[in-house]
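The exercises below concern one protein chain and are to be worked from its coordinates. Each task is followed by a solution in steps.

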Amino acid sequence: MTRRRGIGFALLLPAAVALWLVRPADAHEFALESLINAFVKIDAREAHLVVRVPLHVVATVKLPSRGAEIDLANAGPALQRVLEALGRDLILWEDGRRLVPTSAVGRLSLPSDRSFDAYEDAVAHVARPVASDTAIYMDQGYLDAQFTYPIASPGSRFAIRTRLAPELKGYLKLAIRYLPLGEQGGAMLITSRSGRVSLNPAWYQAAGGFVVLGIAHILSGVDHLLFLLCLVIPALRLRQVLAIVTAFTVAHSFTLIGSAYGLGPGGDWFPPFVETAIAASIVYMALENIVGANLGRRWLITGLFGLVHGFGFSYGLKENLQFAGHHLLVSLFSFNIGIEIGQIAVLAATLPVLALSRRYLVAGRVGVVIFSAVVAHTGWHWMIERGEVLWKTEWPRFDAAALAVLARWVAGLLLAAGIARLVARRIGTFLSGRPAREGG
């Protein structure tokens with residue numbers, strides 16, 4: 001009876017895990033998207049925030065109207081209230097100290113105005129009064145404003161946060177162009193959910209943020225975790241686990257860094273191709289577990305699939321590289337470290353459960369087959385769904401440029417495979433206590 005309950009539990013646990021892994025995503029409440037444009041300019045003694053906000057974002061302050069148009073002649077008091085609200089909801093910090101604006105000027109603008117293409121044009125535009133015969137319709141123009149803040153030093157660490165219209169969640173974006181004194185600037189895109197964002201992070205700030213980002217990415221990447229689970233389901237020794245996971249780490253690090261530097265293939269076809277290949281890697285590994293895996297050679301196929309997963313990791317990284325400042329390489333390595341920390345945490349929780357299951361619940365290959373079959377079923381559905389998206393995508397033409405990119409990646413992949421093999425063998429040799437043979 002005890003053994004039957006154990007087998008039943010072993011069957012129920014992976015099924016429950018699979019159901020959790022394929023849970024549907026929450027539906028969006030609405031699909032409204034807006035963009036706020038802003039410049040943050042640092043001078044010797046002052047910081048300037050020049051911002052353009054769509055009028056519907058600040059609709060909580062009622063502007064006087066004359067029919068369908070804004071009554072510009074009587075809009076002064078309402079405009080002042082809007083500027084006060086913007087000063088509270090668009091926040092700048094210097095070395096952790098909140099800055100308070102000493103001046104704020106603003107005006108209304110037509111939706112056709114293009115003054116915010118450059119900082120100097122935006123400043124000059126904000127300073128000019130609106131012509132009295134201008135017709136601006138309610139909720140169809142912009143509020144343009146400039147805030148000036150006293151600062152202690154242009155070499156300080158500056159940060160920004162938006163709390164404008166938090167009910168719009170991630171649909172309201174703030175596009176910032178940061179212009180430091182005597183240095184190269186940068187651009188970033190944030191929302192009210194981004195919290196406080198450093199405009200010029202120190203290397204250790206960038207490193208810490210990307211370590212956390214890497215941990216969060218691997219823990220939320222269900223397909224990557226399923227692949228990792230497939231790798232270790234049949235492994236019985238720590239040496240085997242470390243050699244396999246090391247090959248995976250080296251391989252995905254290679255393509256992750258290459259993609260971050262813009263060396264990866266482009267085109268609309270490539271992301272769905274990568275997602276389909278990741279799902280296929282899960283199915284392959286699960287089926288290999290079922291028919292019987294050669295753990296001595298598993299590092300090789302693991303490394304090849306790891307290259308594909310590296311491209312998948314890069315898609316979660318690209319939109320956040322804007323927060324790296326001038327520390328791109330540090331941020332890349334930190335993101336990778338975060339991924340490895342997350343993988344170690346998952347393995348630390350998974351390996352004891354697998355060991356106990358093999359000993360007390362489903363001994364031998366029965367447990368390997370059960371777990372792998374559930375994972376294969378989940379991966380198969382993902383592969384079919386993603387394959388349908390890929391099938392509808394236009395594939396690229398293989399011209400000379402595409403062949404040159406392909407040749408570079410083939411050479412790089414061979415190099416990564418060699419490094420992965422060398423590192424995996426060295427780790428296995430170290431754990432076994434045998435001296436390394438000449439030639440690796």
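Two residues are in contact when heavy atoms lie within 4.5 Å. The model is predicted, so local features need pLDDT of at least 70 and side-chain atom pairs count only at pLDDT 80 or more, while totals for chains, interfaces and linings use all residues. Residues are numbered from 1 along each chain as its sequence is written, and side-chain values use heavy atoms, with hydrogens and water left out.

**Exercise 1. Overall description**

Task: State the secondary structure content, the buried share and the range of the contacts of the protein.

Solution.
- Step 1: Helices are DSSP runs of H or I with at least four residues, strands are runs of E with at least two, and both are numbered from the N terminus. On this basis the protein has 11 helices and 12 strands.
- Step 2: A residue is buried under 20% relative accessible area, exposed over 50% and partly exposed in between (1.4 Å probe, protein chains only). Buried residues make up 45% of the 440 in the protein.
- Step 3: Take the contacts between residues at least 6 apart in sequence; 79% of these join residues at least 24 apart.

**Exercise 2. Two helix pairs**

Task: Describe how α6 packs on α8 and how α5 crosses α10.

Solution.
- Step 1: Two packed helices are described by the angle between their axes and the distance between the axes. Axes are lines fitted to C-alpha atoms, for helices over the stretch in contact, and angles run from 0 to 180 degrees between N-to-C directions.
- Step 2: Helix α6 (residues 238-260) packs against helix α8 (residues 298-318) at about 40 degrees, the axes being 6 Å apart. Angles under 35 degrees are roughly parallel, over 145 roughly antiparallel, 65 to 115 roughly perpendicular, and the rest oblique. The pair α6 and α8 is therefore oblique.
- Step 3: A crossing is left-handed if the near helix is turned anticlockwise from the far one by less than a right angle, and right-handed if clockwise. The crossing of α6 with α8 is right-handed.
- Step 4: For helix α5 (residues 222-232) and helix α10 (residues 365-391), the axes come within 11 Å and cross at roughly 140 degrees. This makes α5 oblique to α10. The crossing of α5 with α10 is left-handed.
- Step 5: On the α5 side, Val-222, Asp-223, Leu-226, Leu-229 and Cys-230 meet Val-375, Thr-378, Trp-382 and Arg-386 of α10.

**Exercise 3. Salt bridges**

Task: How many salt bridges does the whole structure hold, and how accessible are the residues of the Arg-52 pair?

Solution.
- Step 1: A salt bridge needs a side-chain nitrogen of Lys or Arg within 4 Å of a carboxyl oxygen of Asp or Glu. The search of the whole structure gives six.
- Step 2: Arg-52 bridges to Asp-144, with the closest N and O atoms 2.8 Å apart. Arg-52 lies in strand β2 (residues 46-54) and Asp-144 in strand β8 (residues 142-150), 92 residues apart, so the pair links distant parts of the chain.
- Step 3: Arg-52 is buried at 5%, and Asp-144 is buried at 0%.
- Step 4: Glu-94 and Arg-97 form a salt bridge, with the closest N and O atoms 2.8 Å apart. Glu-94 is buried at 3%, whereas Arg-97 is partly exposed at 44%.
- Step 5: Through shared partners, salt bridges join Arg-52, Asp-113 and Asp-144 into one network.
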